[in-house]
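Here's a quick tour of a two-chain model, meant to be read with the structure open beside you. Have a look around first, then come back for the walk-through.

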Amino acid sequence: MENATMAGAAGEEETDTFILWVLIWSELAAFGILIGAFLVASMIAPEDFAVARLHLKPGIAALNTLVLLTSGWQAAIAAGQRASVSRRRRALVLAALLGFAFVAIKIYEYSTEIRFAGEAAFHSFFELYFILTGFHLVHVGFVGIVLLIVAWRPRPANVVLVTTLWHVIDLVWIVMFPILYLV
Amino acid sequence: MTDRTPRQLTNTWIILVLMVLAGLLLSLKVQNSAAPLVLTLGFLMLAVLKARLVVLDFLGLRSGPRVLRVGLIAWPLFFSLAAAAKALIASVSHVG
């Protein structure tokens, strides 16, 4: 009976992990399509993209990279094998708060860029820029809320699921940052 | 679940912060202009190195399943190489 219960729990954990990685790869595929579209569009209209990019704020984006990496560091501490419940909880709350700081900084950055989006020559650049970064921003906001919910009752399995997703969102930003702002 | 200790994770975070600051310093050199090819490649290389550290240490895949480790490092590598190829083509056509 006990063996059957343990086998059932292991099977459930395996299913959770499988679903998690399916979700992660579908996210990476979606972001990959958008990044690919941005790269192709920037090859079609290189001058327009180069001039439009000058209206972005790479300094603010670099600050946001630091915020997100610090949040990822806290998420990794929360997922540590030997972390106590209180440590997990504290690290998850910090990771979430830093995620919300990322959202606030990004919204401020948008407020400095939105006025250039209406110019005809920059239309294609800003359309892709806002779709790509906006899609990412929604992920940061939503998973930030999930981090807080998990922090309330930090079951190890849930901590692993939500922090894995958090690191992947971090990974996407790391790739997006130079492609959108610098290259 | 990562098997890294909090100290090891902190060391990884410090390296990541230094990489971001290095990228920021490089970007100050090209303010208000297009980045030369060498700097472009530098930005992309930093991105791949940062992504690699996140996958290995924060995600805890240094000792995890190989297929996930390779796949997750290949994703940023693929897009960084695509961006590098685009920059290379642009620089060659500009010279031409």
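The notes below take each chain in turn, then the place where they meet.

## Chain A at a glance

Keep in mind that this is a predicted model. Chain A has six helices and zero strands, so from the N terminus the order is simply α-α-α-α-α-α. Along the principal axes, its C-alpha atoms fill a box of roughly 70 × 30 × 20 Å. Of the 183 residues in chain A, 39% are buried. Take the contacts in this chain between residues at least 6 apart in sequence: 83% of them join residues at least 24 apart.

An unreviewed entry lists residues 20–183 of chain A as "domain: Heme-copper oxidase subunit III family profile". In the model, that stretch is 85% helix and 0% strand, with its end C-alpha atoms 32 Å apart. The unreviewed entry also gives "transmembrane region" for residues 18–40, 60–79, 91–108, 128–152 and 159–181 of chain A. Two of these spans are worth checking in the model. Residues 91–108 are 100% helix, and their end C-alpha atoms lie 26 Å apart. Residues 128–152 are also 100% helix, and there the end C-alpha atoms are 37 Å apart.

## A closer look at α4 of chain A

Which residues of α4(A) are buried? The list is A:R88, A:A91, A:L92, A:A95, A:A96, A:L98, A:G99, A:F102 and A:K106. An α-helix has 3.6 residues a turn, so residues three or four places apart point the same way. The buried residues of α4(A) pack against α3 (58–78), α5 (123–152) and α6 (156–182) of chain A.

## Chain B at a glance

Chain B has three helices and zero strands, in the pattern α-α-α. Its C-alpha trace spans about 50 × 30 × 15 Å along the principal axes. The radius of gyration is 16 Å, whereas a compact globule of 96 residues would come in near 12 Å. Buried residues account for 34% of the 96. Among contacts in chain B between residues at least 6 apart in sequence, 66% join residues at least 24 apart.

Helix α2 of chain B runs over residues 37–58, 22 residues in total. From first C-alpha to last it reaches 31 Å, close to the 32 Å expected. After α2(B) comes B:G60, which has a positive phi, near 70 degrees.

## Where the chains meet

How many residues of chain B are in contact with chain A? There are 35, and they touch 35 residues of chain A. On the chain B side, α1 (6–28), α2 and α3 (66–95) each give two or more residues. α2(B) gives the most, with ten. By type, this side of chain B divides into 25 nonpolar, six polar and four charged residues.

The largest nonpolar core has 74 residues. Those with the most contacts inside it are A:A78, A:A95, A:L147, A:V175, A:I179 and B:A47. α6(A) gives the most to this core, with 18 residues.

Key. Residues are numbered from 1 along each chain as its sequence is written. Chains are lettered from A and ligands numbered from 1 in the order in which they are written. This is a predicted model: local features need pLDDT of at least 70, side-chain atom pairs count only at pLDDT 80 or more; totals for chains, interfaces and linings use all residues. Helices (H or I, at least four residues) and strands (E, at least two) are DSSP runs, numbered from the N terminus. The radius of gyration is taken over C-alpha atoms; the globule rule is 2.2 Å times the number of residues to the power 0.38. A residue is buried if 20 or more other C-beta atoms lie within 10 Å of its own, exposed if 12 or fewer, and partly exposed in between; C-beta atoms are placed from the backbone. Two residues are in contact if their C-beta atoms, placed from the backbone, lie within 7 Å. The expected span of a helix is 1.5 Å times one less than its number of residues. UniProt positions are given in the numbering used here, feature names are shortened, and annotations may be inferred rather than shown by experiment. Ala, Val, Leu, Ile, Met, Phe, Trp, Tyr, Cys and Pro count as nonpolar, Asp, Glu, Lys and Arg as charged, and the others, Gly among them, as polar. A nonpolar core is a set of buried Ala, Val, Leu, Ile, Met, Phe, Trp, Tyr and Cys residues joined through C-beta atoms within 7 Å.
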